[in-house]
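Subject: Handover of a structure

Hello,

I am passing this structure on to you, with notes on what was found in it. Please read them with the structure open.

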Amino acid sequence: MNAQPIHFKPSEGFRARSKAVVDNPFLRQSFRGAMDFLMSKRAAQFPDPEELESLRTLGEHIRQYNLGKLPELLLQLEDRLTKNGIQVHWAETPDEANAIILGICQRIGAKLMVKGKSMVSEEIELNHAAEAAGIGALESDMGEYIVQLAGEKPSHIIMPAIHKTKEEIARLFHEKVPGVTEYTDNVDALIQIGRNVLREKFLEADIGLSGVNFAVAETGTLCLVENEGNGRMCTTAPPVHIAITGIEKVVEKLEHVPPLLSLLTRSATGQNISTYFNMISGPRQPGEKDGPAEVHLVLLDNGRSQAYADEQLRKTLQCIRCGACMNHCPVYTRIGGHAYGTTYPGPIGKIISPHMLGLEATATMATASTLCGACGEVCPVKIPIPELLMRLREESFTAPHANPAMRGQGAGYSPLMSAVWRGWAAVYRSPVLYRGVTWLGSRLGWLMPARQGAWTTVRVPLRPAAKRLRDMLKERG
């Protein structure tokens, strides 16, 4: 993993990181091709627009119903899981979550942790914390394994290594995987190399860590969606299994899961159903031959309560992490995930990251959008992403006030910019002022500078016309 600290400000390097990708035609073409592929796969899964709309409405209602009962469902989930023998832990911050997980590792003297795919573990920078504590943390999802070898972060929430070509992966394996003496860019051979390494580690690991796609309150069941079988190995082979999830993933009933699962797999990878769907209800019971002796669940807040407290911002928590908004976003398609500098990139990252990192660190993220609406149109649970982006812009750039809905409210506020906009509004509200300003502008336009920042990098300088339209019409009689 790279050494990027957890509490840095993604906004500060966003422009430079974006420009670096835009200036790289090979990378841009690679993203474009990958996103086109995912978009066509998703479109093939929803040939009937009426069925799609009906499913999206159902998914939206299920998510909103469960979020509406979130506090009581979390308590019900804890009670049911505890009765099932699963130990439940609550973490408000990434530091608390890391302390809980590492505490479990240290109690049993763990030296190696194998990890299934978990964006929440990326969110808390678990690999860094484990490394600092002298505990090995090995990613077992193939994409995550690749980016871990490269010392990078995932660039997409469901396809972490989508920015890499097979040749880059081949060089990486050749240089960094022990025992690989010959270079090969054969995809099947590369997958087999990765599997051979990981299979040994599943047997050696003391801890298996996974994410959770849905946590069912009525039965105390942790549902895990995956395609590679590594999630099943992480949750069954090591003697201790730790699951980590955000608090918003809870649903009340088992019957709520199938519609969400159908929307998730079809929207994410264009699959009717994933290869594996794991349902974990407790540790190994007497007489059973496999499964962990201990199962733990860490429920992480990390800003989600802030989103939950506001009725409009709460819709952010409807997300089921399919990544469809990224695949259809014209900005993400051109700059990829690393440019954002956040765990969750793309449209969903822009609306959820401010809750996790604060608007101080993400003030300009919401402005990196054309507001074309594509993200909202493809969201399988109808999150109104463009509306939320507008709300975040308002929260970022209006003057700070008491009792804000978001941490860091007003972080992007500039008194000078505010005065300019107030002046602009005053001019357009007053006919006398408007006529006076345009009269001056038509005569003093020559004073406008030839270079006007980013505008003139690809456009001619802005300059008022020498004659106003009203003057031209007057001359024509």
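One definition is needed for the strands: two strands count as paired when DSSP finds at least two bridges between them. The model is a predicted one.

Strand β2 covers residues 112–115. Its pairing with strand β4 (residues 207–210) is parallel and runs over three bridges, and so passes the cut-off of at least two. In that pairing, Met-113 is placed opposite Ile-207 of β4. β2 also pairs with strand β3 (residues 136–139), again in the parallel sense, over four bridges. Here Met-113 stands opposite Ala-137 in β3.

Are the two faces of β2 covered or open? Both are covered. Leu-112 and Val-114 are buried on one side, and Met-113 and Lys-115 are buried on the other.

In soluble globular proteins, nonpolar side chains tend to be buried together. In this model the largest nonpolar core has 78 residues, and Ile-101 and Ile-383 are the ones with the most contacts inside it.

Which residues does Ile-383 touch, leaving aside its neighbours within four places in sequence? The contacts of Ile-383 are Lys-315, Thr-316, Gln-318, Cys-319, Ile-348, Ile-351, Gly-376 and Leu-388.

Two or more lining residues come from each of α1 (14–22) and α15 (330–335). Helix α1 gives the most, with five residues. Sorted by class, the lining of this pocket has six nonpolar, six polar and five charged residues.

Last, a glycine. Gly-103 is part of helix α5, which spans residues 94–107.

Regards

Methods: Residues numbered from 1 in each chain as written. Predicted model: local features only at pLDDT ≥ 70, side-chain atom pairs only at ≥ 80, totals over all residues. Heavy atoms only, no water. Buried < 20%, exposed > 50% of the residue type's maximum accessible area, 1.4 Å probe, protein only. Core = buried A, V, L, I, M, F, W, Y, C linked by side-chain atoms within 4.5 Å. Contact = heavy atoms within 4.5 Å. Nonpolar A, V, L, I, M, F, W, Y, C, P; charged D, E, K, R; others polar.
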